[in-house]
Amino acid sequence: MVRPSIVLFGDSITEEAFGEGGWGASLANHYSRSADVVLRGYSGYNTRWAARVAGRAVATVAGAVAAVTVCFGANDAALPDRASAAQHVPVGEYGDNLRAICAMLHRRWPGVVVILVTSPPVDEDGRRRYPYAHDYSGLPERTNAAAGVYARACVDVARQCGIRAIDIWSRMQKFPGWEKSFLRDGLHLTPRGNRVLFEEVVFALRDANLSLEALPADLPLFGDMDPDNPAKSFEDEDGWAEC
């Protein structure tokens, strides 16, 4: 059995995914005996930059890749007249860039499951309290309304491409107090926010037939071992065993 990989490609929401309580770390734990979770997160990147380097970013991922999550938009949605203007990408170009990234992934791994993930909602009060760099304007460089425009564009691209989308922007706002519960600085995820995203990714992978039940363990489980004849436990389907 070839142990597959699940690749996480995105901006800081992905780069931080292996931190304490991160959604990527939880995913790696969830699939610890079934798949390798590979991180390709690039803080501050928008889709314009990501589309240019996507091939290079995943070039070193070896072996079979079962799924890729693509999570960009938080930086594209930065307002063009505020402190993070250099990261802004017009929403039309954002959609084109997402389509280009998805096409590249399907060319590299035909049959791979690509899951688009919207950026989370924005708590503008949090952005004012934790301003970008040396921004003293008192104005948030991102707004939830702008983030919503890009979230809807992401979902539209997924529908057009016939792939799955996780609308975490909408999902998180269904919970009372999401602003402080899920976002530590108005943009990046708290452990609770990471948990919500982790669960949504697990649901999406399950729907793509990549649940724990569908993916076999890469070696026999302890309870399946034959203590009197351990070599037999390691035989593959052709009856061959390691010496």
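**Group meeting: the sheet and an aromatic cluster**

Strands and helices here are DSSP runs, numbered from the N terminus; a helix is H or I with at least four residues, a strand is E with at least two.

A word on the source. This is a predicted model, where local features need pLDDT of at least 70 and side-chain atom pairs count only at pLDDT 80 or more, while totals for chains, interfaces and linings use all residues. Residues are numbered from 1 along each chain as its sequence is written, and side-chain values use heavy atoms, with hydrogens and water left out.

Now the sheet. It is open, has five strands, and runs β2-β1-β3-β4-β5 with parallel pairing. Strands pair if DSSP finds at least two bridges between them. Which strands stand at the edges? β2 and β5 (164–166) do; each has a single partner strand, so one side of each lacks a neighbour in the sheet.

Stay with β3. Six bridges join β1 to β3, in parallel. Five bridges join β3 to β4 (residues 113–117), also parallel. Threonine 69 sits opposite isoleucine 115 in β4, and valine 70 sits opposite leucine 116. From β3 the chain crosses through helix α4 (residues 91–108) to β4, a right-handed β-α-β crossover. Right-handed means that, with the strands pointing away from the viewer, the path from the first strand over the helix to the second runs clockwise.

Is β3 (residues 65–71) mostly covered or uncovered? Mostly covered: seven of its seven residues are buried. Buried is under 20% relative accessible area, exposed is over 50%, and partly exposed is in between (1.4 Å probe, protein chains only).

On to the aromatics. Rings of Phe, Tyr and Trp (its six-membered ring) pair if their centres lie within 6.5 Å; planes under 30 degrees apart are stacked, over 60 edge-to-face, the rest tilted. That rule gives six aromatic pairs. In one of them, phenylalanine 9 and tyrosine 42 have ring centres 6.2 Å apart and planes at 80 degrees, so the pair is edge-to-face. This pair links distant parts of the chain, 33 residues apart: phenylalanine 9 is in β1 (residues 5–10), tyrosine 42 in the loop between β2 (36–41) and α3 (47–58).

How covered are the two? Phenylalanine 9 is buried, at 1% relative accessible area. Tyrosine 42 is partly exposed, at 23% relative accessibility. Both belong to one aromatic cluster, formed by Phe9, Tyr42, Tyr45, Trp49 and Phe72.
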